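Work through the exercises below with the sequence and the 3D structure at hand. Try each task before reading its solution.

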Amino acid sequence: MAAQLALLSAVLGVMAKGQERSMLDFNASHASRPEFHGSDAPYLQIDPRVLLLAIVHDFNNLLSPVVNILEELQHRRDSTRRELGKIDAAIYCTFRAKVLARQLIDFANPRPVMPQPTDMRQLLTQLEGVLASALPPDIQMIIEVADRIPPAMIDQQLIERAILNLVLDARDAMPAGGDITIAADLAFPPSTKKGFPERMIRLSVCDNGMGMEDRTHKMGGQPNFSTTINGTGLGLASVRQIVESLGGGLSIITNPRHGTTIDLWLPAVWASSNK
């Protein structure tokens with residue numbers, strides 16, 4: 001488990017040393033200006049974004065001993081099923097905390113989008129261990145990738161975060177267990193996406209959980225709207241933002257008590273003769 005959480009940190013880039021370094025440089029350059037000297041200097045010379053990054057850094061460090069303790073508890077042979085369930089819930093909260101830390105860093109200092117041709121089968125294979133570690137034993141994950149699909153023009157780190165967000169939301173929608181299917185294929189976007197005349201990579205995350213009511217379906221992915229009753233479903237809005245920043249789109253298929261499918265429509269890298 002500790003290895004999987006370490007891999008999760010790499011996926012989310014929680015430490016974000018490059019971003020942290022650039023913010024410190026920004027703060028140092030502003031601190032040298034004349035208006036940042038005097039009796040109020042200790043309060044004025046620290047950029048709030050630097051403080052936020054420092055807090056997130058410490059927050060992430062505090063998670064390390066929690067992870068170690070959870071790993072020890074998980075390997076105790078005398079743990080009851082009820083106790084293991086509580087450990088699983090604590091591990092899930094750790095994953096959520098990592099995601100939150102990443103979102104705070106992006107808020108303080110967004111990094112530019114860096115799309116590159118990416119093999120979707122390879123991406124999902126690399127991510128499978130992290131995703132499986134975030135799920136309890138009563139949720140099965142299935143990965144399906146169509147043959148001979150072209151690479152997707154994406155920022156791999158951003159799409160990995162998007163997938164993790166969607167898988168955690170799918171888990172929330174299945175408190176009694178179920179199946180999550182992550183699939184990648186080639187398809188035409190919905191007719192409402194008139195700006196996308198060509199086939200695109202369709203990356204789907206499908207669950208057979210509670211589904212969404214009509215109002216939630218219509219508002220899903222909108223800023224400041226939560227898709228879950230406990231208010232932790234803002235991940236869908238960030239996923240939409242990520243996909244649209246790459247020139248793609250997001251669509252939702254859902255039925256109450258029959259599950260939800262989130263389709264991410266991603267640009268494909270075409271050879272000149274294949275479209």
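Predicted model: local features only at pLDDT ≥ 70, side-chain atom pairs only at ≥ 80, totals over all residues.

Residues are numbered from 1 along each chain as its sequence is written, and side-chain values use heavy atoms, with hydrogens and water left out.

**Exercise 1.** Locate Val205 and Thr261, and decide whether each is buried or exposed.

Solution. 
- Step 1: Val205 belongs to strand S5 (residues 200–207), and Thr261 to strand S7 (residues 259–266). Strands are DSSP runs of E with at least two residues, helices are runs of H or I with at least four, and both are numbered from the N terminus.
- Step 2: Buried means under 20% relative accessible area, exposed over 50%, and partly exposed in between (1.4 Å probe, protein chains only). Val205 has a relative accessible area of 4%, so Val205 is buried. Thr261 is at 16%, and therefore also counts as buried.
- Step 3: Contact means heavy atoms within 4.5 Å. Not counting residues up to four places away in sequence, Val205 touches residues including Ile182, Thr260, Thr261 and Ile262.
- Step 4: Val205 and Ile262 are 57 residues apart in sequence, yet their C-alpha atoms are 5.3 Å apart in space.

**Exercise 2.** Describe the largest nonpolar core.

Solution. 
- Step 1: A nonpolar core is a set of buried Ala, Val, Leu, Ile, Met, Phe, Trp, Tyr and Cys residues joined through side-chain atoms within 4.5 Å.
- Step 2: The largest one has 49 residues, and Met120, Ile163, Ile180, Ile182, Leu203, Leu264 and Leu266 touch the most other members.
- Step 3: Helix H7 (residues 156–172) gives the most to this core, with nine residues.
- Step 4: Another core, of five residues, lies apart from it; among them are Leu53, Val56, Ile105 and Ala108.

**Exercise 3.** How do helices H6 and H7 pack?

Solution. 
- Step 1: H6 (residues 120–133) and H7 have axes 11 Å apart, at an angle of about 45°. Axes are lines fitted to C-alpha atoms, for helices over the stretch in contact, and angles run from 0 to 180 degrees between N-to-C directions.
- Step 2: H6 is therefore oblique to H7. Angles under 35 degrees count as roughly parallel, over 145 as roughly antiparallel, 65 to 115 as roughly perpendicular and the rest as oblique.
- Step 3: Leu123, Leu124, Gln126, Leu127 and Leu131 of H6 meet Gln156, Glu160, Ile163, Leu164 and Val167 of H7.
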